[in-house]
Amino acid sequence: MAMQFNKLFDQWSETYDQTVAGEDIEYKNVFKHYEDILNVIALRSIGKVLEFGVGTGNLTKRLISFGHEVVGAEPSDKMREIAQKKLPHVPIYDGHFLDHSLLKSVDVHSIVSSYAFHHVQDTEKIKAVKLYADTLPTGGKIVFGDTIFVNDEAHERAIHDAEQKGYHRLADDLRTEYYTTIPIMDQILKDHGFDTHFEQMNDFVWI
């Protein structure tokens with residue numbers, strides 16, 4: 001797990017809610033239709049839910065509003081503290097996508113995440129999906145909303161477009177974090193027995 005991003009998460013915690021609301025011009029299109037993205041994840045989830053990368057608790061809150069019982073995992077101390085203040089009765093653990101002990105301790109029907117799975121490399125994504133396949137019951141679901149690209153060329157175009165607009169923080173993020181492609185993610189899921197469906201929500205994010 002790329003825990004080197006924890007410092008970034010801690011730094012971003014104070015402004016994250018403003019960023020997802022569209023107040024940061026560099027990330028405005030990344031978070032376009034943010035509320036719809038949360039709604040789709042919550043709508044497609046079933047039963048009790050384990051959420052990885054809780055962040056400041058926005059998806060967690062939405063899942064609860066849709067009637068789901070939620071267990072959360074968030075590796076950033078500052079993000080987790082904000083989420084816990086919003087949702088004091090929700091168990092939110094210091095955990096991450098490859099947390100074997102947490103996965104063994106929960107009995108859930110869905111594993112969900114928003115804007116977070118790109119913090120693990122493709123090799124780690126394979127390990128994570130295998131863990132989820134071993135954890136979920138028959139009919140269980142993985143519902144992730146994350147930045148992913150149709151192919152490598154689309155990824156390169158996104159970096160180029162960000163640079164052309166002077167969005168240097170976004171360009172750096174697109175270079176350094178572990179964004180994958182739909183064919184790779186599709187194959188990882190199918191290799192572990194999952195049926196797949198991809199739905200584009202904005203220029204960056206797919207469910």
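Reader: Which residues do ring pairs link into a cluster?

Author: In this predicted model, Phe-52, Phe-97, Phe-117, Tyr-132 and Phe-144 are joined into a cluster by ring pairs.

Reader: What describes a pair of aromatic rings?

Author: The distance of the centres and the angle of the planes describe such a pair. Over the whole structure, a search finds 10 aromatic pairs.

Reader: Which residue lies over the face of Phe-117?

Author: That is Lys-125, at 5.4 Å from the ring centre. Lys-125 belongs to helix H7, residues 122–135. Its side chain also reaches the backbone oxygen of Phe-117, at 3.4 Å.

Reader: Is Lys-125 buried or exposed, and why?

Author: Buried means under 20% relative accessible area. Lys-125 has 2% relative accessibility, so Lys-125 counts as buried. Leaving out residues up to four places away in sequence, Lys-125 touches Phe-117, His-118, Val-120, Tyr-178, Thr-180, Met-185 and Ile-188.

Reader: Which residues touch the most other members of the largest nonpolar core?

Author: That core has 33 residues, and the ones touching the most other members are Phe-31, Tyr-115, Leu-170, Leu-174 and Phe-204. Helices H2, H3, H4, H8 and H9 each give two or more residues to this core. H3 gives the most, with six residues.

Reader: What does Leu-170 touch?

Author: Not counting residues up to four places away in sequence, Leu-170 touches Glu-26, Tyr-27, Val-30, Ala-162 and Phe-204.

Reader: Which residues does the second, separate core include?

Author: The second core has 27 residues, among them Val-71, Ala-73, Phe-97 and Leu-136. Phe-97 is also one of the residues in the ring cluster.

Conventions
Residues numbered from 1 in each chain as written. Predicted model: local features only at pLDDT ≥ 70, side-chain atom pairs only at ≥ 80, totals over all residues. Heavy atoms only, no water. Core = buried A, V, L, I, M, F, W, Y, C linked by side-chain atoms within 4.5 Å. Buried < 20%, exposed > 50% of the residue type's maximum accessible area, 1.4 Å probe, protein only. Helix = DSSP H or I, 4+ residues; strand = E, 2+ residues; numbered from the N terminus. Contact = heavy atoms within 4.5 Å. Phe/Tyr/Trp six-rings, centres within 6.5 Å; stacked < 30°, edge-to-face > 60°. Lys NZ or Arg CZ within 6 Å of the ring centre and 35° of its normal. Polar contact = N/O pair within 3.5 Å; in protein donor to acceptor, adjacent residues only side chain to side chain.
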